[in-house]
Amino acid sequence: MEINVFKFCSGLRVLGYVMILLVAAIVGVSYYAVVSLTYGPLLLRGGFDSFLSFIIVIIFHVLLVLLLWSYIRVVLKDPGSVPENWRAVSGEESLEVGTSLAAAEDGFERRSRGGGYCIHCQNGKPPRCHHCSICQRCVLKMDHHCVWVVNCVGACNYKFFLLFLLYTFLETTMVTIVLLPSFINFFGEAKNHSSAAKSAIIFLAFDSVP
């Protein structure tokens, strides 16, 4: 009896769900440190500090909403599945069904460039399509399987993955900059027991930024 060892790779999806919880925890700690502890209280002071805090909080929320939107989209969006019984269409077959010459040339080009047959899915495999041993299926224009999003990155969700990386970079850069003064004063404030908890949260948020 032949055993397909690649089926055990599907168990790595469990790790992906843990990573989603980790992302939520990082976002929560960062939000609490930036908004609730650092710049939220400054909104009521008035003056320039209040205005600067308002700008920081607004930008933080805008980037956070965009980050979460792109993250949810890349997690839930199907990266691209191969239709059942798919096969490349040759130029001759395309002409027989009355398609245009351009479509016939495209079909011949796809067939000549590659494609093939997936022994795991028992289905045709278009060019640049790969079988994911974790998702147990073929993905169109598969880039890689990202454990952070519990999904493959392929033809249909690649845009959202790039947006997620962009907004993550902008958000983490902003968090690093706005928490840097508090991080510098961390060790001095930690001497006061009453502010030790606040300093610890700021330190955790700063340290969790990639």
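**From an exposed phenylalanine to the rest of the chain**

Phe51 counts as exposed because its relative accessibility is 52%, where exposed means over 50% relative accessible area, buried means under 20%, and partly exposed lies in between, with a 1.4 Å probe and only protein chains taken into account. The structure is a predicted model, in which local features need pLDDT of at least 70 and side-chain atom pairs count only at pLDDT 80 or more, while totals for chains, interfaces and linings use all residues. Residues are numbered from 1 along each chain as its sequence is written, and side-chain values use heavy atoms, with hydrogens and water left out.

Phe51 is found in helix H2, which covers residues 47-76; helices (H or I, at least four residues) and strands (E, at least two) are DSSP runs, numbered from the N terminus. Phe51 also belongs to a nonpolar surface patch, whose other members include Leu43, Leu44, Phe48 and Phe54, and the patch has about 980 Å² of accessible area together. Such a patch is made of residues with over 30% relative accessible area and no salt bridge, and nonpolar side chains (Val, Leu, Ile, Met, Phe, Trp, Tyr) are joined within 5 Å, whereas like charges are joined within 9 Å.

Seen as a whole, the protein chain has seven helices and six strands, and from the N terminus on these elements run α-α-α-α-β-β-β-β-β-β-α-α-α. Buried residues make up 33% of the 210 residues in the protein chain. The accessible surface of the chain comes to about 12900 Å², of which 67% belongs to carbon and sulfur atoms; these areas come from the Shrake-Rupley method with a 1.4 Å probe, and for residues only the protein chains shown count as cover. Among the contacts (heavy atoms within 4.5 Å) with a separation of 6 or more, 58% are between residues 24 or more positions apart.

Helix H2 has 30 residues and reaches 44 Å from its first C-alpha to its last, close to the 44 Å expected at 1.5 Å a residue, the expected span being 1.5 Å times one less than the number of residues. Its buried residues include Ser50, Ser53, Val57, Phe60, Leu64, Leu67, Ser70 and Tyr71.

Which residues does Ser70 touch, not counting residues up to four places away in sequence? They are Phe160, Leu163, Phe164 and Tyr167, and Ser70 itself is buried because its relative accessible area is 0%. The C-alpha atoms of Ser70 and Asn157, which are 87 residues apart along the chain, are separated by 9.7 Å.

Phe160, Phe164 and Tyr167 are among the buried residues of helix H5. H5 covers residues 158-184 and has 27 residues, reaching 38 Å from its first C-alpha to its last, close to the 39 Å expected at 1.5 Å a residue. A kink of about 40° lies at Val178 in H5, shortly before the proline Pro181, and the bend at a residue is the angle between axes fitted to the seven residues ending there and the seven starting there.

Helix H1 (residues 13-39) holds Val23, a residue that is buried because its relative accessible area is 13%. Val23 touches Tyr71 and Trp148, not counting residues up to four places away in sequence, and its C-alpha is separated by 9.6 Å from that of Val149, 126 residues apart along the chain.

The structure holds one salt bridge, a term for a side-chain nitrogen of Lys or Arg within 4 Å of a carboxyl oxygen of Asp or Glu. Arg137 forms this salt bridge with Asp78, and the closest N and O atoms are 3.2 Å apart. The pair links distant parts of the chain, since Arg137 is in strand S4 and Asp78 is in the loop between H2 and helix H3 (91-96), 59 residues apart. Arg137 counts as partly exposed because its relative accessibility is 23%, and Asp78 counts as partly exposed at 34%.

The loop between strand S3 (130-132) and strand S4 (137-139) contains Cys135, which counts as buried because its relative accessibility is 17%. In the loop between S3 and S4 one also finds Gln136, which has a positive phi of about 60° although it is not a glycine, and which counts as partly exposed at 30% relative accessibility. Arg128, in the loop between strand S2 (123-125) and S3, has a phi near 65°, a positive value in a residue other than glycine, and Arg128 is exposed because its relative accessible area is 58%.
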